[in-house]
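These are my notebook entries on what I looked up in the structure below.

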Amino acid sequence: MPVRLWRTPLDTEKVKFPKAEIHIIKDQCKGCGFCIQFCPKKVLEESEEINARGVHPPKIVDEDKCIICSFCTAVCPDFAIFVLEKPCKEGC
Amino acid sequence: MVEEMAHPLSKFLREAMMPHIWCSGCGNGIILNCFVQAIDDLQMNLDKLVVVSGIGCIGRAAGYTNVNSFHTTHGRPIAFATGVKLANPELDVVIVSGDGDLFAIGGNHFIHAARRNIGVKVICANNFNYGMTGGQQGPTTPLEALTTTTPYGNIEHPFNLVHLAAASGATFVARWTTLHARRLTQSIVKLLQKEGFCFIEVVTPCPEIFGRHNKMRTGLEMMEWFKKASVVEHFSDPAKAEITSEKIVVGEFVDIEKPSYERLLHEKIAQINKKAGELVREYAS
Amino acid sequence: MAKKETLLTGAHFMNGDVACAEGAIAAGCRFFAGYPITPATEIAEHLSQRMPEIGGIYIQMEDEIGSIAAVIGASYTGLKAMTATSGPGFSLMQENIGLAVMTEAPCVIVDVMRGGPSTGQPTLPGQQDVMQAKWGSHGDYEIIALAPSSVQEMFDLTVEAFNLSETYRVPTILLVDEIVAHMWEKVVILSSEKIKIANRKKPNVPTEKYMPFMPDDNLVPPMACFGEGFSFHATGLTHDEHGYPQTQSSEVQQRLVNRLCDKIRKNADKIIRVEEVMLDDADMVVVAYGIVARAALSAVRKARAEGIKAGLLRLITLWPFPEKHVGKIAKQAKAIVVAEMNCGQLVREVERSAKETPVVFLSKLGEDPHTPIEILDAIRRNS
Amino acid sequence: MTEKKDLDPKEGGGEIRIGVYVCHCGLNIAGSMNCEEVAKFAATLPHVVLAQDNRYTCSDQGQELIKKDIKEHNLNRVVVASCSPRLHEPTFRKACEDAGLNKYLFEMANIREQCSWVHLHDRKAATEKAKDLVKMAVAKVALLQSAEEIEVPITRKALVIGGGVAGIQAALDLADTGYKVYLVEKEPSIGGMMARIDKTFPTMDCSICILAPKMSDVGHHPNIELLANSQVADVKGYIGNFHVKVLKKPLYVKKDCSACGDCSKVCPVIAPNEFDAGLAIRHAIYTPFAQAVPSTYIIDMNICLNKDGVIVCDKCIKACERQAINFEMKPETIEFDVGTIIVATGADVFDPSALPNYGYSKYPNVITSLEFERLINAGGPSGGHLIRPSDMQIPKRVAFIQCVGSRSDKNGRLYCSNVCCMNTIKDSLLIKEHWPETEIYVFYVDIRAYGKGFEDLYNRARKEGVLFIRGLPAEIIEDRKTQDLWLIGENTLQKELYKVNVDMAILSIGLEPRKDSETIQRLLTLSRTQDGFFMEAHPKLRPVDAATGGIFFAGCAEAPKDIKDSVTQASAAAARAGILMAKGKVTVEAITPIFNAEKCKACGLCTKVCPYNALSLNKDLKRIEIIEAACGGCGTCAAECPFDALTQSHFTDEQIIAQIEAVTEHDADKKIVAFCCNWCAYAGADFAGVSRMQYPPSVRIIRTMCSGRVAPKFVERAFARGAATVLVAGCHPGDCHYINANYQTQKRVERLWKKMEQQGLNKERLQLLWASAAEGERFASKIREMQTMMEKVTREEIENAKKVFEKALSEGS
């Protein structure tokens with residue numbers, strides 16, 4: 001039954017997701033940009049800095065947006081990025 | 001953000017050989033990534049794992065994997081692996097090599113290994129050309145594609161690798177692109193557990209050598225092409241699963257049960273000589 | 001081990017190919033990969049029946065390239081492995097013989113020589129692959145090649161070939177001429193304990209310390225095999241002691257390639273075997289190998305009967321070339337007669353080793369080897 | 001035609017003896033015409049041996065009289081001039097049969113819906129028209145032939161479309177009777193609207209508590225095949241023999257799912273849950289609600305991260321122990337045959353954001369009655385605590401606003417949505433039950449508490465102190481700070497303005513026809529009433545039947561209903577379907593083609609136009625072969641045949657031409673000859689009558705089953721006979737009762753227009769009308785329009801047309 005869903009659901013605040021801890025091994029990056037492009041939450045972007053291989057490794061825009069799907073890890077040809085769950089403090 | 005932590009998969013790599021030789025935007029690293037991920041998922045006994053490769057960019061993958069590995073001559077990894085698998089059927093023998101190595105110079109070994117159903121597992125990186133030698137036309141180069149040896153456009157019809165594998169008798173045949181990293185890993189996990197000759201084609205970006213001549217200068221552009229063109233059609237007719245600029249049919253095409261050559265061989269040996277050595281036992285049952 | 005029953009101990013009447021196959025079994029060969037080709041086919045046929053009986057592997061590959069590749073694979077997986085072919089197939093194998101040399105894979109290649117070039121005369125004898133055996137693959141390397149001249153030797157030298165190959169981690173070639181291969185003779189097979197068997201040296205270091213290409217004092221590295229817990233890498237690329245590719249380092253290239261040659265050259269005296277007949281006082285020396293050596297022997301006997309001080313140097317090891325032996329007899333001989341079934345191959349090595357001593361060459365092509373009379377005439381003419 | 005002299009009189013043989021009965025229908029007919037005069041006139045017509053008028057011909061006495069006359073006067077043809085054949089033809093046919101007369105020797109003249117009711121104020125014209133109509137009927141009946149009906153077997157399986165409470169009830173009833181039932185539900189779970197409601201009125205039962213057991217019965221019933229998350233894609237065939245294609249949308253979760261919910265826990269994507277009207281969240285992989293049937297999980301691909309076949313996130317895959325998740329699932333088409341179909345597609349709710357003055361979707365504390373149900377429900381997002389969205393506080397003052405989207409010509413729908421009054425009363429009592437102190441205002445237009453126990457509930461609410469104020473607020477204004485609401489309007493009883501301050505306002509939203517009703521309508525060739533709900537075959541006598549045989553309605557698909565009525569109607573529909581299937585066979589009206597081999601030139605044109613592929617050309621025998629069971633009876637083949645080798649029995653060329661000639665005998669130049677298809681145009685004309693829409697009496701309707709039956713030569717004949725104007729009317733393209741036969745109508749009329757233009761005739765004189773059974777007004781206004789146009793047609797125009805078409809016809813024959 002199609003009803004227009006315009007409200008922010010009342011329990012939106014209650015759902016908690018684990019926080020991400022993104023690890024970027026900068027000097028291993030060859031700057032292909034796969035992790036940036038295919039991140040479903042657009043957590044990463046190209047940084048200005050130049051690494052040992054003369055490319056711009058990714059940098060984190062907003063770690064809180066990361067949902068730890070780890071697709072960046074899966075499509076990185078250089079084993080240069082991986083994501084862990086932040087050790088759980090209270091509130092998560 | 002912490003940096004000094006090691007990558008969870010680095011334990012499967014020969015640190016001494018890192019960084020790998022592959023270009024930025026090349027998909028070979030993803031294939032290696034998915035392969036070791038599958039090994040990790042399966043908690044495989046690394047002592048029993050042998051990785052064999054031929055010549056070409058992806059040929060280096062064998063050396064990069066921190067297990068028993070052998071880097072053979074051009075086109076011969078399957079023949080070499082046949083010797084390994086028959087000599088010790090307990091070993092998991094995986095061939096990681098390229099389309100030119102496996103299907104041009106090595107084509108004969110491929111079809112016969114598939115026909116015999118030798119229990120070796122083949123993961124083929126298809127980058128549409130000879131990358132390491134500078135981007136010459138190869139058995140998978142699409143019609144009209146520009147390469148350093150088809151400056152006026154390729155007039156040879158490319159192989160449909162999954163069709164070839166299925167027709168030759170492989171018990172497991174799949175095709176993914178490097179963008180389908182997760183599914184590729186899942187299929188590799190299957191491939192590693194199956195009996196008989198298994199084959200996975202991985203369509204992989206080669207921007208520096210192939211893409212640049214064909215309007216795809218970066219790995220990203222090639223991956224976007226994969227994204228646009230790929231259609232998952234499991235168990236569809238491999239004969240129809242061609243690769244064109246509009247459509248790349250991916251999925252698992254064949255997954256059948258068939259006794260492997262080594263099983264039949266060692267069952268025979270067992271019949272002929274009950275007392276025969278080591279090799280016999282595990283298959284005699 | 002199941003070895004006792006595997007050996008056909010006793011006296012038998014068999015042909016050369018079969019004797020070779022039995023020799024391989026006696027040597028501990030448990031893997032054969034080949035491709036049908038005249039006149040080596042009987043070796044494959046016989047092993048296709050015998051291997052299963054003794055728990056060994058027989059596989060007919062799609063071609064000779066695959067055969068040698070599979071042999072190297074089996075060898076790296078711990079089995080003694082062999083293939084058998086003839087000229088055309090031998091040519092196809094050359095690249096991977098190079099791989100076996102480079103990765104130091106013990107294996108035996110039987111080349112039953114027929115008339116070439118190309119398809120040539122498949123059913124007729126020849127000794128035309130002698131140089132290919134040494135120089136056939138690209139790059140610098142040393143190799144071992146043996147030439148039997150009797151069916152008994154087909155058995156004995158096959159065992160010997162495996163022993164050398166295992167000892168020095170080098171592909172070893174049995175260069176047979178078609179006649180010896182198809183000839184029927186009595187063969188005596190001793191019981192296993194009387195047959196000397198050599199096996200490749202195994203590493204005695206902890207797995208994590210193992211370096212697959214770190215040689216010991218006789219320049220040969222101990223060999224681990226797949227599945228034994230040593231995770232190592234081997235490659236046809238120039239590699240360091242870890243087996244890791246070093247494609248840019250000339251230092252590593254020199255170290256590696258020199259060692260690959262030296263492990264044979266420096267051990268040549270241990271490897272080389274010849275048969276010396278009536279050489280002590282000989283001033284006319286015939287040098288021959290394979291079937292030709294048998295004609296040479298009767299020629300030498302006839303010459304002695306005529307009062308000519310003739311002697312025979314039969315080469316059993318063709319490679320590494322027995323240059324010391326030739327050099328020694330060259331000093332005492334007026335002339336050296338070399339008889340081969342080719343247009344002059346090993347004679348060049350003889351000339352090189354004989355220095356000033358004149359060398360007479362007797363060539364023969366086609367169906368029949370040299371007759372004793374032909375060789376006797378040569379002795380007469382030069383004495 | 002050949003008169004069957006050899007035949008038994010009861011089969012229509014021998015001398016033709018017609019009896020005519022003119023019905024008064026009380027004053028329905030007699031009130032606006034002179035029935036005696038019509039009867040007298042009838043008596044003068046050829047072959048009429050007996051003509052009389054009586055008050056109620058359909059009454060027992062009326063029928064007895066006909067039977068008696070058939071026997072005593074050896075009548076072998078009967079005409080009744082009364083209401084629409086769509087209403088009473090079966091009645092009178094039966095009477096004839098009882099008297100031993102073949103029922104195909106009976107004809108009706110529709111002098112009520114199409115005469116007395118639409119010409120209420122012109123007695124003379126109405127009487128004259130009635131005479132014409134009778135004359136036409138007599139002309140036709142004289143040529144009628146007896147016929148035997150063939151029997152078609154009925155597949156003993158049923159399709160129920162829609163898994164709300166109506167569909168559930170219908171499915172269970174049929175399944176319990178022993179019939180195999182396919183229940184198709186669009187949503188991932190059955191349950192529909194009732195599953196979302198907290199309590200039912202008037203008994204205050206827990207809605208889901210009484211529904212859930214029925215739902216699981218459906219899930220487990222051996223005779224029910226539940227196709228959830230599926231849609232009917234195609235329906236072909238006819239009563240008793242429908243072939244159905246259902247599109248099953250992928251769940252992306254295999255049957256192995258144990259509904260443990262582990263996947264949902266790890267799914268990183270959330271969205272508003274439709275089931276909770278968006279007040280609670282759900283994940284991309286979810287189960288619609290706790291009691292869902294089937295109780296599987298499903299992935300919402302619109303929000304899942306894994307797009308274009310690329311698995312980006314595999315959390316659910318990893319979490320699923322049973323490995324039930326499969327992103328490769330593709331839509332599948334399931335095909336099956338059924339004999340009957342029950343349409344229980346339910347209704348949508350009105351979206352009040354269309355009324356800016358109430359500020360819905362602008363003010364958080366203005367909610368809909370549906371949102372209220374979820375808020376007050378213990379299983380809802382607030383755990384049953386009535387809280388207002390802005391601050392999650394329990395409101396002290398609450399207002400209900402009635403008729404939101406109902407009973408209004410500008411804001412929503414004209415009709416009353418039927419359930420809102422009682423629902424509000426129930427809701428107000430629910431509040432009082434938990435929070436007796438709450439002030440409750442109900443702003444209404446009229447309170448409609450007509451049902452059993454409704455009035456008591458209403459009174460209870462009043463006793464509990466719920467304030468009912470007549471007059472809807474003109475607007476709602478929000479207090480920026482408190483986000484309280486000001487309701488401003490006029491109390492129409494006390495004739496004074498009010499300005500009431502409340503914490504929360506609940507809009508009692510009305511029910512609407514499904515947005516996708518049109519699809520179902522087209523698939524099943526149904527009709528809809530002007531308000532958009534499906535139209536029953538007869539409002540009184542066949543309230544759950546569709547006009548299309550073998551199809552029935554249940555629940556809100558037909559009109560807004562409460563749960564009780566929906567369930568009642570569902571059981572009724574099940575019973576009606578059951579009757580058909582119990583019989584196991586149905587007779588096909590003998591209106592199939594008649595083939596004349598001598599005339600056939602084996603051109604095969606007829607086979608091309610047949611919508612049912614019932615005709616095939618036998619090339620060897622050079623003849624047409626007819627599968628009668630497959631024939632739908634549209635007659636478009638007969639219209640297409642250029643050689644008169646095909647005609648339609650009971651609607652033969654001779655019979656129709658006889659009607660045309662009867663109409664055009666006198667004053668043809670003052671008449672509109674109208675050919676109307678039985679299902680849409682003719683029914684539309686009836687509807688105009690039922691609604692007493694007045695239009696000029698110049699029109700004479702000739703009924704064919706389908707406008708596709710109207711052969712060009714009929715039109716040409718009418719013009720040749722001097723008719724001023726001709727109307728061809730049928731179903732809207734795409735709605736044709738005979739799949740697509742009316743596309744042929746269009747082609748033929750266009751060809752005629754061309755011809756008229758070429759001959760320098762005014763093509764305006766031939767009109768083509770698409771009018772559904774619901775579009776009485778559309779029909780009426782077309783007649784008015786043609787009347788004015790007709791008055792402009794000059795004498796010589798008519799003469800020219802005569803010449804042109806006489807010539808055409810003489811050449812044609």
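I began with Q43(B), which is exposed, with 7 other C-beta atoms within 10 Å. By the rule I used, a residue is buried if 20 or more other C-beta atoms lie within 10 Å of its own, exposed if 12 or fewer, and partly exposed in between, with C-beta atoms placed from the backbone. The phi of Q43(B), a residue other than glycine, is positive, near 50 degrees.

I noted that the model is predicted: local features need pLDDT of at least 70, side-chain atom pairs count only at pLDDT 80 or more, and totals for chains, interfaces and linings use all residues. Residues are numbered from 1 along each chain as its sequence is written, while chains are lettered from A and ligands numbered from 1 in the order in which they are written.

I then located Q43(B) in the loop between α1 (28-42) and β1 (49-53) of chain B. Helices (H or I, at least four residues) and strands (E, at least two) are DSSP runs, numbered from the N terminus.

Next I looked up M278(C), whose phi is also positive, near 55 degrees. M278(C) lies in the loop between β11 and β12 of chain C and is partly exposed, with 16 other C-beta atoms within 10 Å. Most residues other than glycine have a negative phi, and most peptide bonds are trans.

I turned to the peptide bonds and found that the one from T38(C) to P39(C) is cis, with omega near 0 degrees. P39(C) sits in the loop between β2 (29-34) and α3 (41-53) of chain C. I recorded another cis bond between G116(C) and P117(C).
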